[in-house]
Amino acid sequence: MNPPKLDRAYLGQRIHCYRPMRRGSPNLSVETQGKQLIAHNYGHGGSGWTLAPGSAAYVVGLAQQSAQGRSLAKDAPITVVGAGVIGLFTAYELVKRGCTNVTVVADRFDGLTSHKAGGLLAPVSMDNAPAMQRIIDQIGVDAYRFFASVAKGTNVDFAKGATICPAYFENREESGLEPYVGQVMEPAKDVTLDFGNGTTRDMVVYDDGIFMEPAAMMQSLRAYLEGKVTFAQRKVTSLADLPAALVFNCTGLGARELQRDQEMVSVQGHLIMLKDQVPADLQSMVLVYYAKGKTVSGQEAKRSFYIFPKRLPGSGANDIGVFGGTFIEGATPQTPNDEEFQIMIDGAKRFYGIPVS
Ligand SMILES: Cc1cc2nc3c(=O)[nH]c(=O)nc-3n(C[C@H](O)[C@H](O)[C@H](O)COP(=O)(O)OP(=O)(O)OC[C@H]3O[C@@H](n4cnc5c(N)ncnc54)[C@H](O)[C@@H]3O)c2cc1C
């Protein structure tokens, strides 16, 4: 395997973004408030893309099977709050189940974490209680089936937006993919990567890893929903005030304020878009964890690097690859931790046996 080019000339746009993680597990539940049914679908941490279609099906199912949900007509007013990957997949699921009166309300539709995310299908940066982990595993298997159908060209609604490609990890446990093996994935194989420069690394590879293209898939979801649901741009300050019989709360980090959910925490990530690469060298994904450490602002940093074969819409033919990433709990735009970009680059160079200048 040829390493990606990581010298300064090959590094493009630098991006900070924030994973909406909920300590203990995402909130996938329903509650009744007066005459209103509220379904929560938020807090997926670093796994929102990995879980979105399965999570939407699970939460819509919970709502429709509840006593109040069973009596709702197909044309009952439903509001989905949030237009990230979780909100759009929730709206998609409702449309697929025949709901005809769905409104998606959000204060932002573009430039979200959901557009900027890497795109590896693997459950990471979550903190799930054991009972919930079993449900999350099943949701992940369902989501894998969905994205595999997109990648194989058999999905009736989406012609592109996901690719099947090899996914390399240091070991099976850290991949988070073992619960999928035997259900939708083949077992990982032990491999030695040889970078052709005297450096080799023992890794495991899942040949049927899935890479999702977040920005493209967000565009396709939006296009699918256009004309089938109503979109409204505004900030919601109270779910109970919405004039809908059923409300889906898909607000990610917004749930900390809207739902007064103190378990919601922002997990900062750093990404660098790669440019002028050899596309053939970037046809797989790699995830490697480094040692934990403290940032200059004193926050705990779980450091790693990952590389995916991602392109930004409109980028040049050789501008392929996104390079991440850090997991810094509690970090916000006020603590950008910019020095982490260099730590990440140096760590990746050491992994590939590229001299660190
Ligand atoms: C660096 C990085 C890399 C990542 N890589 C991956 C990956 O490889 N694989 C993976 O599975 N996941 C990955 N993720 C995680 C994934 O991006 C998130 O889990 C996912 O995008 C969360 O989606 P969401 O819809 O919950 O939140 P968001 O995309 O943040 O959307 C929230 C929506 O709610 C709206 N909203 C919030 N509050 C209100 C309010 N009060 N009123 C109205 N609207 C409101 C917002 O405007 C927005 O529309 C990554 C994340 C980061 C940061």
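**Note on the predicted model**

1. D110 lies in the loop between β5 (102-106) and α4 (113-116). Helices (DSSP H or I, at least four residues) and strands (DSSP E, at least two) are numbered from the N terminus. D110 is exposed because 11 other C-beta atoms lie within 10 Å. The scale is as follows: buried means 20 or more other C-beta atoms within 10 Å of the residue's own, exposed means 12 or fewer, and partly exposed is in between, with C-beta atoms placed from the backbone.

2. The model is predicted, and local features need pLDDT of at least 70, side-chain atom pairs count only at pLDDT 80 or more, and totals for chains, interfaces and linings use all residues. Numbering runs from 1 along each chain as its sequence is written.

3. On the overall fold, the chain has nine helices and 15 strands. Its radius of gyration, taken over C-alpha atoms, is 20 Å, close to the 21 Å from the globule rule for 357 residues, so the chain is as compact as a globular protein of that length. The globule rule is 2.2 Å times the number of residues to the power 0.38. Along the principal axes, the C-alpha atoms fill a box of roughly 65 × 45 × 40 Å. Of the 357 residues, 43% are buried. Among contacts with a separation of 6 or more, 76% join residues 24 or more positions apart; a contact means that the C-beta atoms of two residues, placed from the backbone, lie within 7 Å.

4. The shell around the ligand has 42 residues, of which G48, G84, G252, G254 and G269 come nearest. Membership requires a C-beta atom, placed from the backbone, within 6 Å of the molecule. Elements giving two or more residues to the shell include β1 (11-22), α1 (48-65), α3 (85-96), β11 (264-274) and β15 (322-329). The largest share, four residues, comes from β1. By class there are 19 nonpolar, 19 polar and four charged residues. Here Ala, Val, Leu, Ile, Met, Phe, Trp, Tyr, Cys and Pro count as nonpolar, Asp, Glu, Lys and Arg as charged, and the others, Gly among them, as polar.

5. G252, one of the residues that come nearest the ligand, sits in the loop between β10 (246-249) and α8 (255-258). G252 is buried because 28 other C-beta atoms lie within 10 Å. Beyond its neighbours within four places in sequence, G252 is in contact with P20, Y42, G82, G84, I86 and T113. S114 is 138 residues from G252 in sequence, yet the two C-alpha atoms are 9.9 Å apart.

6. In soluble globular proteins, nonpolar side chains tend to be buried together. In this chain, the largest nonpolar core has 97 residues, and L88, A91, L120, F147 and M285 have the most contacts inside it. Such a core is a set of buried Ala, Val, Leu, Ile, Met, Phe, Trp, Tyr and Cys residues joined through C-beta atoms within 7 Å. Helix α1 gives the most to this core, nine residues. Leaving out residues up to four places away in sequence, L88 touches A83, M218, L221, R222 and L225.

7. The buried residues in α5 are I136, I139, G140, A143, Y144, F147, V150 and A151. Their cover includes α1, β6 (162-169) and β8 (200-212). G153 follows the helix with a positive phi, near 75°.

8. Most residues other than glycine have a negative phi, and most peptide bonds are trans. S25 has a positive phi, near 150°; S25 is in the loop between β1 and β2 (27-33) and is buried, with 21 other C-beta atoms within 10 Å. D276 also has a positive phi, near 50°, and is partly exposed, with 13 other C-beta atoms within 10 Å. The peptide bond from G324 to G325 is cis, with omega near -5°, and G325 lies in strand β15.

9. Q262 is found in the loop between α8 and β11. Q262 counts as exposed because it has 9 C-beta neighbours inside 10 Å. Q262 and M273 are 11 residues apart in sequence, and their C-alpha atoms are 33 Å apart.
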